[in-house]
Amino acid sequence: MEKTPSHLWQTCRLLANETRLKLLNEVFTAPDQCVEHIAASVQISPSTASTQLKWLCWDGFISVHRSGQTVFYDANIPHAPFWVSELQHAVRKSLAQKVFLNDLCRQATGFTHQRRIELAALLSSSPLTLPQLEKRTVMSRTALLRHLKKLRTRGYIVLSNETYKLGRPKGLLAKALVKTIKTGIEQ
């Protein structure tokens, strides 16, 4: 298996956007559409849709192919890395279950910074106190507390008896993100 991508935080930033989630939903529900049709369905301009879809293609969430001058988008990604498949499946299923877009964005924002991914990876192996985390991460206390607060409010970590440990977040995307991080560090 491949390691967790070093740009997972960027993927989370892409997913923490309601417009991109609407575009993904459209591609999931009606694959192999051109930009104009996708834009019309989501009620945004074709140029905005095109820009956002390019970002999703770059990150491997959707694929693109051309027929003449028309560009078509699809969610079928042959040979996608495990983490893309995991996250794509979680987003697809969440959207099908009508999970609120802002809830998906909230799940994604837990890991929109590389430091929070590092913290989750550290805490997945063993619970740690704040001084232990300070020593292991070499972060300032202020930065560390800010990142820990974000992870706690998203349900990714819990604090019990002055010890932080990886939690059991709610939401399919959150669970897939934790699985992606755990799988990446087990290698």
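Is His 147 buried or exposed? His 147 is buried, with a relative accessible area of 4%; buried means under 20%, exposed over 50%, and partly exposed in between, using a 1.4 Å probe and protein chains only. This is a predicted model, in which local features need pLDDT of at least 70 and side-chain atom pairs pLDDT 80 or more, while totals for chains, interfaces and linings use all residues. Residues are numbered from 1 along each chain as its sequence is written, and side-chain values use heavy atoms, without hydrogens and water.

His 147 is placed in helix α9. Helices (H or I, at least four residues) and strands (E, at least two) are DSSP runs, numbered from the N terminus. Tyr 156 lies in the loop between α9 (141–153) and β5 (157–160), and counts as buried because its relative accessibility is 0%. Contact means heavy atoms within 4.5 Å. Leaving aside residues up to four places away in sequence, His 147 touches His 113, Arg 115, Arg 116, Leu 119 and Met 139. With neighbours within four places likewise left aside, the contacts of Tyr 156 include Phe 111, Leu 166 and Pro 169.

An open sheet of three strands has the order β4-β6-β5, with antiparallel pairing; strands pair if DSSP finds at least two bridges between them. β4 (128–129) and β5 stand at the edges with a single partner strand each, so one side of each has no neighbour in the sheet. β5 and β6 (residues 163–166) pair over four bridges. Two helices pack on this sheet. Axes are lines fitted to C-alpha atoms, for helices over the stretch in contact, and angles run from 0 to 180 degrees between N-to-C directions.

| Helix | Strands touched | Angle between directions |
|---|---|---|
| α7 (residues 114–125) | β4, β5 and β6 | about 95° with β6 |
| α9 | β5 and β6 | about 105° with β5 |
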